[in-house]
There are 2 protein chains.
Amino acid sequence: MRSVEWDAGASCLRLIDQRLLPAEFRQVCLHTYEDVAKAIRDMVVRGAPAIGAAAAFGMALAAMRYPARSATALLQHLETEAAPTLKAARPTAVNLAWAVDRVLARARTAVPQGVDAVREAVLDEAQRIADEDVEMNKRMARYGATLIEDGDTIIHHCNTGALATVDWGTALGVIRMAHEQGKRIHVLVDETRPRLQGARLTAWELEQYGIPYDIITDNAAGYFLSRGEVQKVFVGADRVAANGDVANKIGTYMLALAAYDNGVPFYPVVPTSTFDLSLATGREIPIEERDPSEVLDIQYRGRPAMPAGATARNPAFDVTPHRLITAIVTDRGILYPPLDEAIRRVIAAA
Amino acid sequence: MRSVEWDAGASCLRLIDQRLLPAEFRQVCLHTYEDVAKAIRDMVVRGAPAIGAAAAFGMALAAMRYPARSATALLQHLETEAAPTLKAARPTAVNLAWAVDRVLARARTAVPQGVDAVREAVLDEAQRIADEDVEMNKRMARYGATLIEDGDTIIHHCNTGALATVDWGTALGVIRMAHEQGKRIHVLVDETRPRLQGARLTAWELEQYGIPYDIITDNAAGYFLSRGEVQKVFVGADRVAANGDVANKIGTYMLALAAYDNGVPFYPVVPTSTFDLSLATGREIPIEERDPSEVLDIQYRGRPAMPAGATARNPAFDVTPHRLITAIVTDRGILYPPLDEAIRRVIAAA
């Protein structure tokens, strides 16, 4: 099962509607690029790689549905209507613009061969983007799985699985690979406030894979680490600076502190595309503060959990300093400290 | 306003029904010791000192309502019926048994003076227990408030205020005292999963006192600490070992780690009655794991936040090692490291 999948029979893009999970599993079938843009905007699909692939298939839908008289007219439609609409759906998602631009570049090369060739090229490129993401994640998962031993209990933060990518994911992909290799593992799932992606999505994915888990509140990770109940911590990353500082979902920094304080290895799992060498340290990574309602709009045992007029602060990410990181798992191998050198080397070799 | 208060006019015990907060403020008026036991069991009232005072007034209600022919018969009723029922309401609450026993001891001294004297003695002792708790908390709050400067932003964990005691509370009492002294402060309220006492009760109390605050998810404390936005952290404690290790609400340890990593002072506020010198270190403090439903039974934006069959682990407390503690605020002054020596000294001087 992929979270983003082309349905060749129905000529539509199938997405798992992640807003309904875990209460309900429903796939939607999208037939136009406008529908895809709306699905991205409404967070039917989330996670940078998944959004990128969805937008690429959105371009394919635009190419397929537009009644073009010439390849040039089709290209113009893609460039001036479909691409801007899709890119605007989540303006800060880097993968989104990258995927759309990659599809456009491929479309341009096919223009001399006519309308059908452009349509084929666009769909083919979208499929490649999706397949490459899956392959890259599986490669990363194989590297990461070498770090996991039979019997390990692992803490995992947020959702970094198939639902955040096209399939497999990053940190959760590592865990899934170790499980498929026959290693017996147990996952303590950080619920990951405020949006509870751990509880809602990661727990749901683990059930699909048959991997045993328990949900914990984010603030309980330190307890389990201090009791010697945890052997490894795996997390994803949204951005990695040149010195190895990692920006990731809020709560990652406190989790890293607790792992470090108890000598438990802490591993971010990160595609090399996520490294940003233009940033010397994590201090330079801008942190988005999101709407307070994400914190406030929860109910405990069916009752409102906060005073009616309460205010909240809601930073979406934090920065984990490289000194707390044991190693970074990438699609090109495992990087050990000194991380600045290891990152420079792996990027230079690309 | 006290959370536990004797209503002399109506001859009943008034409690704030904390299960309804923050959505609804309602006081209940209890007329029998059985009602008080039920209120303690159902967590209408919570927090060790509040439970102790409530049980003491429960004894007063038992003495008042029992149609005793002699002081001896009344004492027997108190000893064999009221006391065991009240003590059994929350078997692990140390203050509860202590308060009931203290009332019984006072009752015994009044037996020679007859039934009415026993009734008066029991009510008087209950009132003393409540008043002494308030006085002790205010003393502690005055010590703690000397640590707060005008303009401070303070992180506070769980609920440690008037709702957890008879009035004032521990860590929240310190914050309230500084506010009443005219210091401008801002509180970042850890929501405190799983039961959200920070969001439900502390935010509500701060509104009553007119102290500005923002609720944050527990896992966001590290972000604010790392950005230099926080000057102090104040927490309560459930038990303190001889070496200064502190057992407190789950999440306290990770909060202390984040404060320490950023050089921000971390202060537990603890009545000296909470020190347990029979325990050499925090390792020996038993930690209760509570029902997983406390973690699982939450809703996000009105929808279930966890898969239907999800399992969870739910440790109620964790242990913060003394090395992370800047000082402990007590009712007998502020204790600075080395904490083991300071604790021995203050207990010996009692």
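Which residues does A:Glu205 touch, not counting residues up to four places away in sequence? In this predicted model, the answer is A:Asn159, A:Gly161, A:Ala162, A:Leu163 and A:Leu172.

**The setting of A:Glu205**

- A:Glu205 belongs to helix H7 of chain A, which covers residues 197–209.
- A:Glu205 has a relative accessibility of 1% and therefore counts as buried, the limit for that class being under 20%.
- One of the residues that A:Glu205 touches is A:Ala162. A:Glu205 and A:Ala162 are separated by 43 residues in sequence, while their C-alpha atoms are 7.8 Å apart in space.

**How the two chains are related**

- Four strands, in the order E13(A)-E12(A)-E12(B)-E13(B), make up an open sheet with antiparallel pairing.
- At the edges of this sheet stand strand E13 (303–304) of chain A and strand E13 (303–304) of chain B, each of which pairs on one side only.
- Strand E12 of chain B, residues 298–300, is joined to E13(B) by two bridges in the antiparallel sense. B:Tyr300 has B:Arg303 in E13(B) as its bridge partner.
- B:Arg301 is located in the loop between E12 and E13 of chain B.
- At 37% relative accessibility, B:Arg301 counts as partly exposed.

**A three-stranded sheet in chain B**

- Chain B also holds an open sheet of three strands in the order E1-E2-E3, again with antiparallel pairing.
- Strand E1 (4–7) and strand E3 (27–30) of chain B are the edge strands; each has a single partner strand, so one side of each is left without a neighbour in the sheet.
- On average, and with direction ignored, neighbouring strands of this sheet are turned by 30 degrees against each other.
- Four bridges link E1(B) to strand E2 of chain B, residues 12–16, in the antiparallel sense. The bridge partner of B:Val4 in E2(B) is B:Leu15.
- H2(B) packs on this sheet and touches E1, E2 and E3 of chain B. The direction of H2(B) makes about 25 degrees with that of E1(B).

**A pair of helices in chain B**

- Two packed helices are described by the angle between their axes and the distance between the axes.
- Helix H2 (residues 48–65) and helix H4 (residues 94–110) of chain B have axes that come within 8 Å and cross at roughly 30 degrees. The crossing of H2(B) and H4(B) is right-handed.
- On the side of H2(B), the contact involves B:Ala48, B:Pro49, B:Ile51, B:Gly52, B:Ala55, B:Ala56 and B:Met59. These meet B:Asn95, B:Leu96, B:Ala99, B:Val100, B:Val103 and B:Leu104 in H4(B).
- The residues of this contact comprise 11 nonpolar, two polar and no charged.

- Most residues other than glycine have a negative phi, and most peptide bonds are trans.
- B:Trp168 is not a glycine, yet its phi is positive, at about 75 degrees. B:Trp168 is placed in the loop between strand E4 (153–156) and helix H6 (171–180) of chain B, and its relative accessible area of 6% makes it buried.
- The peptide bond from B:Arg193 to B:Pro194 is cis, with omega near 5 degrees. B:Pro194 is in the loop that lies between strand E5 (186–190) and helix H7 (197–209) of chain B.
- A cis peptide bond also runs from B:Pro337 to B:Pro338, with omega near 0 degrees. The loop between strand E16 (333–335) and helix H11 (339–348) of chain B contains B:Pro338.

How values were computed
Residues are numbered from 1 along each chain as its sequence is written. Chains are lettered from A and ligands numbered from 1 in the order in which they are written. This is a predicted model: local features need pLDDT of at least 70, side-chain atom pairs count only at pLDDT 80 or more; totals for chains, interfaces and linings use all residues. Side-chain values use heavy atoms; hydrogens and water are left out. Axes are lines fitted to C-alpha atoms, for helices over the stretch in contact, and angles run from 0 to 180 degrees between N-to-C directions. A crossing is left-handed if the near helix is turned anticlockwise from the far one by less than a right angle, and right-handed if clockwise. Contact means heavy atoms within 4.5 Å. Ala, Val, Leu, Ile, Met, Phe, Trp, Tyr, Cys and Pro count as nonpolar, Asp, Glu, Lys and Arg as charged, and the others, Gly among them, as polar. Buried means under 20% relative accessible area, exposed over 50%, partly exposed in between (1.4 Å probe, protein chains only). Two strands pair if DSSP finds at least two bridges between them.
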